Amino acid sequence: MVREFDAIIFDLDGVICYTDEYHYRAWKAIADNNGIPFDHTINNRLRGVSRMASLEIILEKSACPFSDAEKEALAAQKNEIYKQLLSEMTPDDLPKEVKRTLDTLREKQYLLAIGSSSKNAPFILQQIGLGGYFDAVSDGNNITHSKPDPEVFLKAAQMLNVAPSRCLVVEDAVSGAQAAHVGGMKAACVGDASNEGAGDWNLQSVEELTEIL
Ligand code: BG6
Ligand code: MG
């Protein structure tokens, strides 16, 4: 079989592990404290976008304006709640089918990378036992524009020394699938992005990757 891809770039939150739910819980606490309506539908718009951009989306529903200093404080509070949830994660929070999929793709000699907007990505990877597993980690700490800008994926491709057209992105965020496409990459989607039909492949589970690769 002629291969279409040399590298697979995985989003982290909502693809490798379910930290997307922890983002929701932490933002929900902040929204409730400030009397701002927030639910899972609004949460889907936060997938893939940076912490401050997420806050701006949540504040669209706020009755009163917040100063820049107040916004910084809210984002910091959210991150403290989120990090507390992350600190309780263990390798048991890496779903078995995700680990099986990664190991199968590695056996098939694909290069494997992370492309995540999160500044907490290195800590999460440590917590779930994947510190040092990937060939490259591109995350919120090395980018200036978050998804749907393709920067995080293009940096991952650069770290791997693979052309964008030879990279497949795996995403649960519509913004992430858009970023892949703008960057000249194809996208395989799961979760919300799959439900929205945003990918070139729209999967029920990450494990279906082993059938298409
Ligand atoms: C992405 C999430 O992976 O990371 C977003 O999908 C989140 O919801 C973004 O806002 C930034 O995360 P962090 O951990 O840097 O606040
Ligand atoms: Mg995600």
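## Ground rules

Since this is a predicted model, local features need pLDDT of at least 70 and side-chain atom pairs count only at pLDDT 80 or more, while totals for chains, interfaces and linings use all residues. Residues are numbered from 1 along each chain as its sequence is written, chains are lettered from A and ligands numbered from 1 in the order in which they are written, and side-chain values use heavy atoms, with hydrogens and water left out.

## Two domains

The chain splits into domain 1 (7-18 + 91-212) and domain 2 (20-86), with bounds taken from an automatic or database domain assignment. Their C-alpha centres sit 23 Å apart. Domain 1 puts 17 residues into the contact and domain 2 puts in 14, where contact means heavy atoms within 4.5 Å.

Between them the two domains bury about 1,200 Å², and 46% of that is on carbon and sulfur atoms. Buried area here is the accessible area (1.4 Å probe) that two parts lose on being put together, summed over both. On the domain 1 side, Tyr18, Asn120 and Asp192 supply 36% of the area buried against domain 2, more than any other three residues.

## The largest pocket

The largest pocket holds about 540 Å³ of space. A pocket is an open set of points on a 1 Å grid over the protein atoms alone, where a 1.4 Å probe fits and protein lies on both sides within 12 Å along at least five of seven lines; lining residues have an atom within 4 Å of a point. Points are joined across faces, edges and corners, and the volume is the space filled by probe spheres set on them.

Its lining counts 31 residues, with Val49, Ser50, Arg51, Ser117 and Ser118 nearest the centre. Helices H1 (19-33), H3 (51-59) and H4 (68-87) are the elements that each give two or more residues, and H4 has the largest share with six. Helices (H or I, at least four residues) and strands (E, at least two) are DSSP runs, numbered from the N terminus.

## Salt bridges

The model has 14 salt bridges, each a side-chain nitrogen of Lys or Arg within 4 Å of a carboxyl oxygen of Asp or Glu. One of them pairs Arg166 with Asp6 at 2.9 Å, N to O. Arg166 lies in the loop between H7 and strand S4 (167-171) and Asp6 in the segment before strand S1 (7-10), so this pair ties together parts 160 residues apart in sequence.

Arg47 and Asp172 form another salt bridge, with their closest N and O atoms 2.7 Å apart. Between domain 1 and domain 2 the count is one salt bridge.

The Lys147 to Pro148 peptide bond is cis, with omega near 15°. Pro148 sits in the loop between strand S3 (136-138) and helix H7 (151-160).

Gln109 isn't a glycine, yet has a positive phi of about 70°. Look for Gln109 in the loop between helix H5 (96-107) and strand S2 (111-115).
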